[in-house]
Amino acid sequence: MATILLLETSTTLCSVGIVQNGELVAIVEEGSEQYIHAERLHVFISWALECAVLQPKDLQAVCVGRGPGSYTGLRIGVAAAKGMCYALKIPLVAVNSLQVQASLAPPAEITISMTDARRMECYTLVQDSAGNILEPTAATVLTPESFVNYADKNIAIVGDGAAKASGILQLSKASYYPELLPSVRGMVQEANRRYEQGIFEDLVQFEPFYLKEFIAGTPKQRP
């Protein structure tokens with residue numbers, strides 16, 4: 001199996017790892033509400049390579065979390081991934097960040113992966129216990145009626161959107177895990193699968209999966 005650099009920057013967690021022969025051999029990650037990605041990502045990459053006793057030339061691919069999530073975090077992660085692929089002449093692999101997050105959930109009949117999208121909205125993805133996608137990635141406005149068709153199931157709701165959801169959803173059998181954010185720990189299997197099957201991204205055309213267009217706020221006028 002390949003030696004692949006893993007990058008996940010779609011939320012406040014800046015996560016870097018290296019998978020070699022199908023196993024995660026190095027991981028460096030840190031979470032901060034201040035979004036430390038710009039300052040720390042390349043440092044974390046260097047640390048991960050050092051931990052795995054590897055040089056950049058030893059990498060055979062880079063896998064990045066494509067989103068949805070933070071606009072800034074995604075831009076930084078994807079730019080770093082593309083830059084390394086260009087420089088090293090290796091392929092780029094990309095995975096859905098909500099699926100990465102869902103793979104970290106404890107066993108449940110239904111897993112709902114949620115990333116906070118501000119106000120009452122979350123980016124969501126719904127899977128069954130076998131990993132089959134029941135509801136694809138969407139921007140969902142949460143209401144008490146959201147996901148009630150799964151109310152009779154044991155549900156794991158993961159991601160930073162879970163904290164908001166816990167006060168809104170009417171799902172008596174749901175458990176909430178807001179601490180489980182997209183991490184390279186959840187990328188290993190899918191990164192390997194895509195590499196082995198040759199599912200690579202076009203380095204010129206590839207962009208993060210923002211899901212919604214970025215709308216810049218109007219700067220406040222000083223008195």
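Is Arg194 buried or exposed? Arg194 is buried, with a relative accessible area of 18%. The views below come from a predicted model.

View 1. Glu190, Arg193 and Arg194 are linked in a network of salt bridges. The burial of Arg194 follows from the cut-off: buried means under 20% relative accessible area, and Arg194 has 18%. Glu190, at 26% relative accessibility, counts as partly exposed.

View 2. Arg66 lies in the loop between E4 and H2, and Glu201 in the segment after helix H5 (188–196), so the pair ties together parts that are 135 residues apart in sequence. Arg66 counts as partly exposed, at 23% relative accessibility.

**View 3. Asp58 and Lys57 pair side by side.** A salt bridge joins their side chains, at 3.6 Å from N to O. Lys57 counts as exposed, at 66% relative accessibility. Asp58, at 30%, counts as partly exposed. How many salt bridges does a search of the whole structure find? It finds seven. Side chains of opposite charge can pair when their charged atoms come close.

**View 4. Strand E2 between E1 and E3.** E2 pairs with E1 in the antiparallel sense over six bridges, and a hairpin of four residues joins E1 to E2. E2 also runs antiparallel to E3, with eight bridges. Two residues lie between E2 and E3 in their hairpin, where Asn21 in the turn has a positive phi of about 55 degrees. Follow Ser15 across the sheet: Ser15 in E2 is the bridge partner of Glu8, and Ser15 also stands opposite Glu29 in E3. Seven of the eight residues of E2 are buried, so E2 is largely enclosed by the rest of the structure.

**View 5. The largest nonpolar core and another apart from it.** The largest core has 28 residues. Leu5, Leu7, Val16, Ile18, Ile45, Val62 and Val64 touch the most other members. Strands E1 (3–8), E2 (13–20), E3 (23–31), E4 (61–65) and E5 (92–95), with helices H1 (37–51) and H2 (71–88), each supply at least two residues of this core. Another core, of 16 residues, lies apart from it, and includes Cys122, Val126, Leu142 and Leu171.

**View 6. The E7–E8 hairpin.** Strand E7 (residues 121–128) pairs with strand E8 (residues 133–141) over six bridges, antiparallel. Thr124 has Ala138 in E8 as its bridge partner. Four residues lie between the two strands, and Gly131 in the turn has a positive phi of about 85 degrees.

**View 7. The second largest pocket.** About 470 Å³ of space lies in this pocket. Which residues lie nearest its centre? They are Gln99, Ala102, Ser103, Gln127 and Gly131, out of 22 lining residues. Helix H3 (97–102), E7 and H5 each supply at least two lining residues. The largest share, four residues, comes from H5. By class, the lining has nine nonpolar, nine polar and four charged residues.

Note on methods
Residues are numbered from 1 along each chain as its sequence is written. This is a predicted model: local features need pLDDT of at least 70, side-chain atom pairs count only at pLDDT 80 or more; totals for chains, interfaces and linings use all residues. Side-chain values use heavy atoms; hydrogens and water are left out. A nonpolar core is a set of buried Ala, Val, Leu, Ile, Met, Phe, Trp, Tyr and Cys residues joined through side-chain atoms within 4.5 Å. Buried means under 20% relative accessible area, exposed over 50%, partly exposed in between (1.4 Å probe, protein chains only). A salt bridge is a side-chain nitrogen of Lys or Arg within 4 Å of a carboxyl oxygen of Asp or Glu. Two strands pair if DSSP finds at least two bridges between them. On a 1 Å grid over the protein atoms alone, a cavity is a set of points where a 1.4 Å probe fits but cannot get out, and a pocket is an open set with protein on both sides within 12 Å along at least five of seven lines; lining residues have an atom within 4 Å of a point. Grid points are joined across faces, edges and corners, and a volume is the space filled by probe spheres set on the points. Ala, Val, Leu, Ile, Met, Phe, Trp, Tyr, Cys and Pro count as nonpolar, Asp, Glu, Lys and Arg as charged, and the others, Gly among them, as polar.
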